[in-house]
Amino acid sequence: MNRHSPVDLGRGFGFAEVELYGDVVLRFVSHPDGTDVPFLPGFEGVSNPGAVDYGLTRFDHVVGNVPELASAAAYVAGFTGFHEFAEFTTEDVGTAESGLNSMVLANNSEGVLLPLNEPVHGTKRRSQIQTFLEHHGGPGVQHIAVASSDVLRTLREMRARSAMGGFDFLPPPLPKYYEGVRRIAGDVLSEAQIKECQELGVLVDRDDQGVLLQIFTKPVGDSDLRFGPLINSGCIFALLRVLPNLTASAIMFRPTLFLEMIQRIGCMEKDERGEEYQKGGCGGFGKGNFSELFKSIEDYEKSLEAKQSAAVQGS
């Protein structure tokens, strides 16, 4: 395990980092109780009354893709003390063409969730996790799930400002999907909410404790100009001269990092002071949506592959 030396930030603040997987580090931050520092020493609070509130509150979970699950999970659990919160196999997550295995690690309060994925080999298509590992150049963060107190409002606010730049979301499921939503969550979500989920493309799932609403962006790095092993700038310029009509995204799409907007409903408990809080991982991780999600990702990868092939043939 590689540790980075602790850093003293002053005024009782400090942090230390431990390598997690690939080039990702886990940063531990210490701070004094009752501080009036808005974030960290050197930062100042900023008042912006006109700023849009999207309703996003915190990271819900951060998912890592690794070549081998068992060793990575043992390594992370070994220095964090995290325990296994959930586990999924290719039977849960896979499609007819590809799959993966996954484990979710959690701290004692289960408020910090670190899922890990590994590829499954020998399927019809290359596992999406293997595709990630190759395009990313090794292990890394597959997606970051950001919690919202009202994900429908969050999406309305985001899409109202899409002309300013923003995220493209994966295509919504077929209308028949939402007939299933009415069956599993019709006692929690109103008919108006279910219709809005359908309009916005929000996926819905439920476990024995709560309800989960989630939606995923398309990969945010698929238009980066990357050339894998071609790290020499002369090679890049030579390739651009040979293939002048190719766009950057056609030369090398990168189906790597994407984002998830998520809302958990239910699982409210009280702490020792009588204050309510939501139990970590309420509603699960969308096990009922895995096939729908990964089929959508597969279709998106196929569309990018088709564009890349067409661009090469037309050059």
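Which hand does the crossing of α4 and α6 have, left or right? Keep that in mind; the tour reaches those helices soon.

This is a predicted model, where local features need pLDDT of at least 70, side-chain atom pairs count only at pLDDT 80 or more, and totals for chains, interfaces and linings use all residues. Residues are numbered from 1 along each chain as its sequence is written, and side-chain values use heavy atoms, with hydrogens and water left out.

**Stop 1: the helices**

Select helix α4 (residues 151-160) and helix α6 (residues 191-200). Helices (H or I, at least four residues) and strands (E, at least two) are DSSP runs, numbered from the N terminus. Two packed helices are described by the angle between their axes and the distance between the axes. Here the axes come within 11 Å and cross at roughly 40°. That makes α4 oblique to α6. Axes are lines fitted to C-alpha atoms, for helices over the stretch in contact, and angles run from 0 to 180 degrees between N-to-C directions. Angles under 35 degrees count as roughly parallel, over 145 as roughly antiparallel, 65 to 115 as roughly perpendicular and the rest as oblique.

Now the opening question: α4 and α6 cross in a left-handed way. A crossing is left-handed if the near helix is turned anticlockwise from the far one by less than a right angle, and right-handed if clockwise.

Show the side chains. Leu152, Leu155, Arg156 and Arg159 in α4 meet Gln193, Glu196, Cys197, Glu199 and Leu200 in α6. Contact means heavy atoms within 4.5 Å.

Tyr178, Val181 and Arg182 in α5 meet α6 residues Glu191, Ile194, Lys195, Cys197 and Gln198.

**Stop 2: aromatic rings**

Rings of Phe, Tyr and Trp (its six-membered ring) pair if their centres lie within 6.5 Å; planes under 30 degrees apart count as stacked, over 60 as edge-to-face and the rest as tilted. The count comes to five aromatic pairs. Select phenylalanine 39 and phenylalanine 43: their ring centres are 5.0 Å apart and their planes at 90°, so the pair is edge-to-face. Phenylalanine 39 is exposed, at 53% relative accessibility. Phenylalanine 43 is partly exposed, at 48%. (Buried means under 20% relative accessible area, exposed over 50%, partly exposed in between, with a 1.4 Å probe and protein chains only.)

Next, select phenylalanine 216 and phenylalanine 258. Their ring centres lie 6.0 Å apart with planes at 70°, so this pair is edge-to-face. It links distant parts of the chain: phenylalanine 216 is in strand β10 (residues 210-216) and phenylalanine 258 in strand β11 (residues 258-266), 42 residues apart. Both are buried.

**Stop 3: phenylalanine 82**

Go to the loop between α1 (69-80) and β5 (83-88), where phenylalanine 82 sits. Is phenylalanine 82 buried or exposed? Phenylalanine 82 is buried, with a relative accessible area of 15%. Leaving aside neighbours within four places in sequence, its contacts include Leu105, Val112 and Leu114.

**Stop 4: two loops**

Select arginine 11, in the loop between β1 (3-10) and β2 (13-21). Its phi is positive, about 55°, although it is not a glycine. Arginine 11 is exposed, at 58% relative accessibility.

Finish at glutamate 110, in the loop between β6 (100-106) and β7 (113-119). Glutamate 110 has a positive phi near 60°. Glutamate 110 is buried, with a relative accessible area of 17%.
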